[in-house]
Amino acid sequence: MSNEPAEVADDDVQRLAQTARSAVWALRRFGEKEAGLSRLPHSEIEVLRAVEEQPGCTVSDVARVLNLQSSNVSTTVRHLVDRGLLEKRSDPSDGRSFRLHQTPVAERNNQKIDEMWADGIRSLLMGMDPEDAAKLVEAAPLLARLGSMPTN
């Protein structure tokens, strides 16, 4: 196996980028819609996702991860707390600050979304040519690498 970077044509890179972007936008709302949760604004979904990935994070942590202003994240967190999807817990090491956690309602919603995605993907794969379906499944680790792009 060579350690040299792959030579990829600019047109191929552009096509992959556009395809990935389209897939992300289509898939982003699929689970929420199918689970009956599509009423949440995109900003709230992003904050929920960040808290799911890093339970016990602070507003500043979320702002840094999402590259947003802390004041905007604070407003979004307030809405999510009001909706019963996030809870603020006092930081045991600093009583002046708090940590963010998903509520059981948000955890159930995430589970519903995961189930809807699995059902949708299963249906898609079952409707595909078996060889194409196998290629798509085999490509999962490569697709996961797209998600590891630096955010800063």
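Before I go on, a word about the model. It is a predicted one, in which local features need pLDDT of at least 70 and side-chain atom pairs count only at pLDDT 80 or more, while totals for chains, interfaces and linings use all residues. Residues are numbered from 1 along each chain as its sequence is written, and side-chain values use heavy atoms, with hydrogens and water left out.

Let us stay with that pair. Aspartate 119 and arginine 122 are 3 residues apart in helix α5, so about one helical turn separates them; helices here are DSSP runs of H or I with at least four residues, strands are runs of E with at least two, and both are numbered from the N terminus. Aspartate 119 is partly exposed, with a relative accessible area of 41%, and arginine 122, at 44%, counts as partly exposed as well. For these words, buried means under 20% relative accessible area, exposed means over 50%, and partly exposed lies in between, with a 1.4 Å probe and protein chains only.

Now to the helix itself. Helix α5 covers residues 104–126, which makes 23 residues, and it reaches 33 Å from its first C-alpha to its last, close to the 33 Å expected at 1.5 Å a residue; the expected span is 1.5 Å times one less than the number of residues. Which residues of α5 are buried? They are Ala106, Asn109, Asn110 and Ile113. Aspartate 114, also found in helix α5, counts as exposed at 51% relative accessibility. The C-alpha atom of aspartate 114 is separated by 9.3 Å from that of glutamate 32, although the two residues are 82 apart along the chain.

Leucine 124 is found in helix α5 too, and leucine 124 is exposed, with a relative accessible area of 51%. Together with Leu16, Leu136, Leu143 and Leu146, Leu124 forms a nonpolar patch on the surface, with about 430 Å² of accessible area in total. Patches are made of residues with over 30% relative accessible area and no salt bridge, where like charges are joined within 9 Å and nonpolar side chains (Val, Leu, Ile, Met, Phe, Trp, Tyr) within 5 Å; the areas come from the Shrake-Rupley method with a 1.4 Å probe, and for residues only the protein chains shown count as cover.

Next, the strands. Strand β1 (residues 86–91) and strand β2 (residues 94–102) pair in the antiparallel sense over 6 bridges, where pairing requires that DSSP finds at least two bridges between two strands. A hairpin joins β1 to β2 through 2 residues. If you follow the pairing, the bridge partner of serine 90 is phenylalanine 98 in β2, and lysine 88 stands opposite leucine 100 in β2.

How many salt bridges does the structure hold? There are 10. In one of them, arginine 83 meets glutamate 44, with the closest N and O atoms 3.0 Å apart. Arginine 83 lies in the loop between α4 and β1 and glutamate 44 in helix α2 (residues 42–53), so the pair ties together parts that are 39 residues apart in sequence. Glutamate 44 counts as buried at 4% relative accessibility, whereas arginine 83 counts as partly exposed at 39%.

Finally, the inside. A nonpolar core is a set of buried Ala, Val, Leu, Ile, Met, Phe, Trp, Tyr and Cys residues joined through side-chain atoms within 4.5 Å. The largest such core has 18 residues, and Val47, Leu48, Val51, Val62, Val77, Leu86 and Leu100 touch the most other members. Helices α2, α3 and α4 each supply at least two residues of this core, and α2 gives the most, with 5 residues.

Most residues other than glycine have a negative phi. Asparagine 67 sits in the loop between α3 (59–66) and α4 (70–82), and asparagine 67 is exposed, with a relative accessible area of 63%.

Terms used
A salt bridge is a side-chain nitrogen of Lys or Arg within 4 Å of a carboxyl oxygen of Asp or Glu.
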